Amino acid sequence: MPSPEIEEFAKLLLQKVRDVAIRDCGVALRPNAAGPVFKRWKEAAHNGNLESIVRTVVPDIVDNTVFHLLDAIDNRLLKLSFTAANGKRVDLPTDGLGELAGWYIGTGGWRALYSQERFVDDFADLVGFFGPSKEEK
Amino acid sequence: VEKRPGHSRDNSRGHSAANAAARAEAGTPAAAARQPADSTTESEPGAALRPYGEGGGHHVPAKRAFTEDPNYDIDEVIATPNSELDAQGIYHPQITGAQKSLYREFAKTGQPLTWDVVRSIETQALTRAGMSSGSASVTVNKAISALQARGVGSPVRIPWGGK
């Protein structure tokens with residue numbers, strides 16, 4: 001058996017990440033499901049073929065799960081650290097400033113920078129929302 | 001590799017930061033087009049809010065604006081709990097994604113973050129996630145009032161705006 005500490009980590013990981021992500025995605029089944037993601041899923045289901053559904057839903061569900069992992073770290077539910085290639089260790093809840101989930105899911109974020117697989121940027125239209133930056137003026 | 005923007009860019013861009021609050025209250029043309037038909041009802045109660053430590057969910061407003069304030073505690077301040085997000089049919093990443101994107105854009109203006117800008121950005125984020133504008137406005141106002149009642153002062157820094 002793993003140590004009690006590892007079991008505690010497992011419990012938090014499953015309840016604060018896996019279970020929350022499943023419930024979050026399950027909201028799509030509610031009649032009042034709102035927003036562009038659920039609209040996209042309904043359109044994919046309406047097309048009625050497995051390829052359309054999988055191509056649309058899989059990256060969104062993976063993004064949702066990663067989002068909730070990072071959100072759990074941001075909110076100090078999962079107090080994890082990371083050791084970089086240079087040997088420096090960072091405390092993710094502290095050094096991440098509570099912004100990890102946003103850096104992941106927002107426009108121009110980590111998916112755009114680092115992922116080699118498909119995703120939908122639902123926030124691309126917000127670029128330039130407040131007009132030109134001070135550098136552009 | 002396929003990276004698709006969810007929405008094409010629209011003509012709502014290019015407004016000054018000075019009238020950001022008014023813009024978000026009214027909603028951009030694109031946001032208005034995405035709002036439910038029953039939106040802007042002034043008498044809507046807004047989302048149920050609970051301390052984050054009791055129900056988890058989503059911090060309104062973004063916590064990074066206040067985490068250096070001694071009266072701010074991420075577990076004690078109120079949030080929209082997971083159960084309420086579920087009940088309202090809201091997909092949590094949509095709110096955070098809009099928050100990050102809007103605060104990041106605001107940071108580019110070089111202007112200081114005020115309660116009014118926080119109010120407008122947070123309302124816009126909830127609305128884009130599918131909450132009616134009336135309910136979003138009430139929710140954000142309740143959350144800000146609760147923070148102020150705790151003695152939390154003006155926003156300390158712009159979330160996702162760099163150190």
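This is a predicted model: local features need pLDDT of at least 70, side-chain atom pairs count only at pLDDT 80 or more; totals for chains, interfaces and linings use all residues.
At 41% relative accessibility, A:Arg76 counts as partly exposed. A:Arg76 sits in the loop that links helix 3 to strand 1 (81-83) of chain A. Its phi is near 65°, a positive value in a residue other than glycine. Such a value is worth a second look because most residues other than glycine have a negative phi.

With a relative accessible area of 24%, A:Leu97 is partly exposed; the cut-off for a buried residue is under 20%.

Helix 2 of chain A comes next. This helix covers residues 36-47, has 12 residues and reaches 17 Å from its first C-alpha to its last, close to the 16 Å expected at 1.5 Å a residue. Its buried residues are A:Pro36, A:Val37, A:Phe38, A:Arg40, A:Trp41 and A:Ala44. What do these buried residues of helix 2 of chain A pack against? Within chain A, the partners are helix 1 (4-26), helix 3 (50-74) and strand 3 (119-121), and from chain B they are helix 5 (92-107) and helix 6. After helix 2 of chain A comes A:Gly48, with a positive phi near 80°.

Is A:Phe123 buried or exposed? At 2% relative accessibility, A:Phe123 counts as buried. Neighbours within four places in sequence aside, A:Phe123 is in contact with A:Ile105, A:Gly106 and A:Thr107 from chain A, and with B:Pro93, B:Gln94, B:Gly97, B:Ala98, B:Ser101 and B:Arg128 from chain B.

Turning to chain B as a whole, its secondary structure comes to 7 helices and 4 strands. Along the sequence these elements follow the pattern β-α-α-β-α-β-β-α-α-α-α. Chain B has 163 residues, and buried residues make up 55% of them. Of the contacts in chain B with a separation of 6 or more, 76% are between residues 24 or more positions apart.

Two helix pairs in chain B show how its elements meet. The axes of helix 5 and helix 6 of chain B come within 8 Å and cross at roughly 145°, and the crossing is right-handed. On the helix 5 side of chain B, the contact is made by B:Gln94, B:Ile95, B:Ala98, B:Gln99, B:Leu102, B:Tyr103 and B:Phe106, while helix 6 of chain B brings B:Val117, B:Val118, B:Ile121, B:Glu122, B:Gln124, B:Ala125, B:Leu126 and B:Arg128. The residues of this contact between helix 5 and helix 6 of chain B divide into 10 nonpolar, 3 polar and 2 charged.

Helix 6 (residues 115-128) of chain B also packs with helix 7 (residues 133-149) of chain B, at an angle of about 140° and with the axes 9 Å apart. Helix 6 and helix 7 of chain B are therefore oblique to each other. Their crossing is right-handed. Among the residues that meet here are B:Trp115, B:Val118 and B:Leu126 from helix 6 of chain B, and B:Ala136, B:Val140 and B:Ile144 from helix 7 of chain B. The residues of this contact between helix 6 and helix 7 of chain B divide into 7 nonpolar, 7 polar and 2 charged.

Helix 7 of chain B can also be checked for length. Its 17 residues should span 24 Å at 1.5 Å a residue, which agrees with the 24 Å between its end C-alpha atoms. Buried residues in helix 7 of chain B include B:Ser133, B:Gly134, B:Ala143 and B:Leu147. The helix is followed by B:Gly151, whose phi is positive, near 95°.

B:Val60 and B:Pro61 are joined by a cis peptide bond, with omega about -5°. B:Pro61 has its place in the loop between strand 3 (58-59) and strand 4 (78-80) of chain B.

Key: Residues are numbered from 1 along each chain as its sequence is written. Chains are lettered from A and ligands numbered from 1 in the order in which they are written. Side-chain values use heavy atoms; hydrogens and water are left out. Axes are lines fitted to C-alpha atoms, for helices over the stretch in contact, and angles run from 0 to 180 degrees between N-to-C directions. Angles under 35 degrees count as roughly parallel, over 145 as roughly antiparallel, 65 to 115 as roughly perpendicular and the rest as oblique. A crossing is left-handed if the near helix is turned anticlockwise from the far one by less than a right angle, and right-handed if clockwise. Contact means heavy atoms within 4.5 Å. Ala, Val, Leu, Ile, Met, Phe, Trp, Tyr, Cys and Pro count as nonpolar, Asp, Glu, Lys and Arg as charged, and the others, Gly among them, as polar. The expected span of a helix is 1.5 Å times one less than its number of residues. Buried means under 20% relative accessible area, exposed over 50%, partly exposed in between (1.4 Å probe, protein chains only).
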